[in-house]
Amino acid sequence: DSARNGFSFKGIKDYLECYRSGKLTPSQVAKNIIAMLEDCDKSTPPLRAIVQWDKEQIMLMAEASTTRYRNQCTLSCLDGIPVCLKEEFKVVPYHHRVGTVYLGTQPETEDATVAKKLREAGAIIIGVSNMHELGTGTTGCNPNRYHKIPRNPYNPNHFTGGSSSGSAAAVAAGLCPVAIGTDGGGSVRIPASFCGVVGLKGTFGRISCHGCLPLSYSTVSVGPICTSVADAAIVYSILAEPDLLYPYGLKQPKATLSDMCAPDLKGLKLGVDWTFFKACDAEVLSACEKAVKHLQSLGASVVEVSLPELEEVRVAHGICILSEMRDFLQPDFNKHFHEMNLETRASLALASQFTALDYIKANRQRTRTMRFLQEIFSTVNCILTPALPCTAPRIYESDLVTGSSDLSFTVRSMRFMQLGNFTGIPGLVVPIGYSTAGLPISLQVMAKWWDEAVLLRIGLKLEQFRDQTKKPSIYYDILA
C-alpha cells in the first residue's frame, strides 16, 4: 500500500486500523453510516445507492463485531467492515425485488451464499443496493418507485452504469468500502469503471451465485466492487470457493493470490489487439495507452494478439444472455408486463424474436471462441483493453420519468465486456485517470480461466499509474 498525497478512498485497511487502535468501534462506524444513509436519502438529488436498509440490523451486526474486537477474537479481516449487496441477492430480512416493483413482496427468510459468507466473516451488511431493473441494461436507469435513479458520485448529473449501479455508487460515495455485484454483460465492471472504483468479475462459477435470481445462467459471474485492488483480493479470497448449492463451480481449482505482491511484472506477457483496443473515445484511448506503457516500464512485455470473430462474439453473447433471461422471465413477461419499465419490456420483446437455432449457433460460437482464447493464453498471460469506450453518460430529465432506452449505448458500453461473459474468463477494471470533464476512465485486464491471481498482480501495479485520485463530488467520510 503506497502512501498518497491528497485524497484517497478509505479501504479495509483504514477501518481495521481504527478498530485495532481503538480509535473507533464498529458500533460507532455503524452509527455514522446510519446518519449518512439518512442524509443521502434527503440530499438533492438523492444518491439512491442503498435502496433498503434497516437501522436495527446494522446495529446488531456492528455490536457483535465490537464485542469480538474487545475480546480479540475477530472472524476475518472483513470483521466490522461495512458491505452492501446488489438487490439481485437474497439478504435477510430485505425484499428480493431485483430492481422491480412486483418481485419480493415478502421479506427474505434465507440468505444467498455470498451474504451468508459475509456474515460468517463478520462483515456489517448495511443494506441492499440499487440495480437496473432485472439487470436488463447498462446505465443503471431505474425510474420505478422503489428504486429511482442512482447518481454517479463523481457527477450526480451522470449515470452510474449498470446493472450493479447502487453497488458502485455506494463504494465511490464512501458509504462502504466493499459491495457485491453480478456481471452477465459487464454489470460489475461497467458501473465500477464509470464510478472510478475497482471491479472484479470472477471466472464463471468461481463465486457462488446461489440465492441470486438466475437471470442468465451461462454468462453471469459474481464479483466485488471495492476502493482498491488489495481490497478486491481480500474479498475474492473469502468468497471464492466451491458451493454444493451451485453446481457450476464445483470442479474449480483452489483460489490463490500467488505472486500478487511481486515487486515488478518481469516475465509477464500482456496481449493487446490494437484494432480492438483503439475502438474508443480519444480521451479514453490516450489514458489507456499511457497505462499500458506504465506496465511495460515495470518489466512486462506487450505482445500484439488478434482476437478473432469479435463481431460474432458480440451477437452471440447478446443472443445467449437475452434468450436465457427471456426463458427465465417468461411468467413475469406474461403476468407483470405492465409493471415493468419500458426498457425492460423492449429488451424482453426483442429477446422473444430469437429462435432455438439462434441459441444453438450462438453456443457453437462460444466453443469456437473459447478455443481461440486457449491458444491466445498459451502465448500471453492476459489481454488488455480499455474498460469502456467512453465516460459515464448524462442523465436527462425525461430519464427520471420514463427511463432510458438507448440500444446503441448499451451495445457500445458492452464492447470490451462481452468476451469475458461469453467465455467465462475473469476480468478486472482499475481506474487510471479522468476525462477533462472529471469523469473516471479505467483499463481492463482479462486472464485465462481461474487465473484471477495474475489480474490482481497486474491491477496492483496499474493502481500506481494514476498520479492522483480525485475526490468524488458526493463523498461521505465514515471514519472522520
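Predicted model: local features only at pLDDT ≥ 70, side-chain atom pairs only at ≥ 80, totals over all residues.
## Annotated domain

UniProt, in an unreviewed entry, records the feature "domain: Amidase" at residues 35–456.

## Pairing of strand 7

Strand 7, formed by residues 269–272, pairs with strand 8, formed by residues 301–304. The pairing is parallel and runs over 4 bridges. Within it, G271 of strand 7 faces V303 of strand 8.

Strand 7 also pairs with strand 9, which comprises residues 382–386. Here too the sense is parallel, with 2 bridges. The bridge partner of L270 in strand 9 is C382.

## The second largest pocket

The second largest pocket has a volume of about 630 Å³. Several secondary-structure elements give two or more residues to its lining: strand 4 (178–183), helix 10 (310–328), helix 12 (342–351) and helix 15 (407–413). Helix 10 makes the greatest contribution to this lining, with 8 residues.

In total, 35 residues line the second largest pocket. Those nearest its centre are G318, I321, L322, T410 and M414. By residue class, the lining of the second largest pocket consists of 13 nonpolar, 16 polar and 6 charged residues.

## Aromatic pairs

The model contains 13 aromatic pairs. One of them joins F7 and F9 in an edge-to-face arrangement, with 5.1 Å between the ring centres and 75° between the planes. F7 and F9 are both buried. Together with Y475, F7 and F9 make up one aromatic cluster.

Y15 and Y19 form an aromatic pair that is likewise edge-to-face. Their ring centres are 6.4 Å apart, and the angle between the planes is 65°.

Y15 and Y19 are separated by about one helical turn, because they are 4 residues apart in helix 1 (residues 12–21). Y15 has a relative accessible area of 1% and is therefore buried. Y19 is at 5% relative accessibility, so Y19 also counts as buried.

Is Q52 buried or exposed? Q52 belongs to strand 1, which spans residues 50–52. Its relative accessible area is 8%, and Q52 is therefore buried, since the limit for that class is under 20%. Along the chain, Q52 and P93 are 41 residues apart, while their C-alpha atoms are separated by 9.8 Å.

Where does K266 lie? K266 is found in the loop between helix 7 (229–239) and strand 7. With a relative accessibility of 59%, K266 counts as exposed, because that class begins over 50%. K266 and A316 are 50 residues apart along the chain, and a distance of 36 Å separates their C-alpha atoms.

How values were computed:
Residues numbered from 1 in each chain as written. Heavy atoms only, no water. 1 Å grid on protein atoms, 1.4 Å probe; cavity = no way out; pocket = protein on both sides within 12 Å on 5 of 7 lines; lining within 4 Å. Points joined across faces, edges and corners; volume = space filled by probe spheres on them. Nonpolar A, V, L, I, M, F, W, Y, C, P; charged D, E, K, R; others polar. Pairing = 2+ DSSP bridges. UniProt positions renumbered as here; feature names shortened; annotations may be inferred. Phe/Tyr/Trp six-rings, centres within 6.5 Å; stacked < 30°, edge-to-face > 60°. Buried < 20%, exposed > 50% of the residue type's maximum accessible area, 1.4 Å probe, protein only.
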